[in-house]
Amino acid sequence: MNQKEFMQLVNPFKDKVFRMAKRLLVSTEEAEDATQEVLVKLWHINDNLDKYKSIEAVAMTMTKNYCLDQLKS
């Protein structure tokens, strides 16, 4: 998957990822960082994204886990 295809895949739910991160982390800057981290992680596994039924669900789970880890530390 190239960069253009990846962006077309994640653009529909990118704002949703940000909103969840903002709700959990409160800080806009931390939410932006969380969103970027999740998108980078998705990019690294983009060859395996075909096996997931819902990539949006994977992204939301990754966001929740990342934010909870940030709150713990």
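A salt bridge is a side-chain nitrogen of Lys or Arg within 4 Å of a carboxyl oxygen of Asp or Glu. Side chains of opposite charge can pair when their charged atoms come close.

The structure above is a predicted model, where local features need pLDDT of at least 70 and side-chain atom pairs count only at pLDDT 80 or more, while totals for chains, interfaces and linings use all residues. Residues are numbered from 1 along each chain as its sequence is written, and side-chain values use heavy atoms, with hydrogens and water left out.

Searching the whole structure gives 1 salt bridge. Its partners are Glu 56 and Lys 16, with the closest N and O atoms 2.8 Å apart. Glu 56 sits in helix H3 (residues 55-72) and Lys 16 in helix H1 (residues 3-25), so the pair ties together parts that are 40 residues apart in sequence. Helices here are DSSP runs of H or I, at least four residues, numbered from the N terminus.

Glu 56 is partly exposed at 29%, and Lys 16 is partly exposed at 37%.

Next, the rings. Phe, Tyr and Trp rings (for Trp, the six-membered one) pair if their centres lie within 6.5 Å; planes under 30 degrees apart are stacked, over 60 edge-to-face, the rest tilted. The whole structure has 1 aromatic pair. Phe 6 belongs to helix H1 and Trp 43 to helix H2 (residues 28-44), 37 residues apart. Phe 6 is buried at 4%, whereas Trp 43 is partly exposed at 34%.

Terms used
Helix = DSSP H or I, 4+ residues; strand = E, 2+ residues; numbered from the N terminus. Buried < 20%, exposed > 50% of the residue type's maximum accessible area, 1.4 Å probe, protein only.
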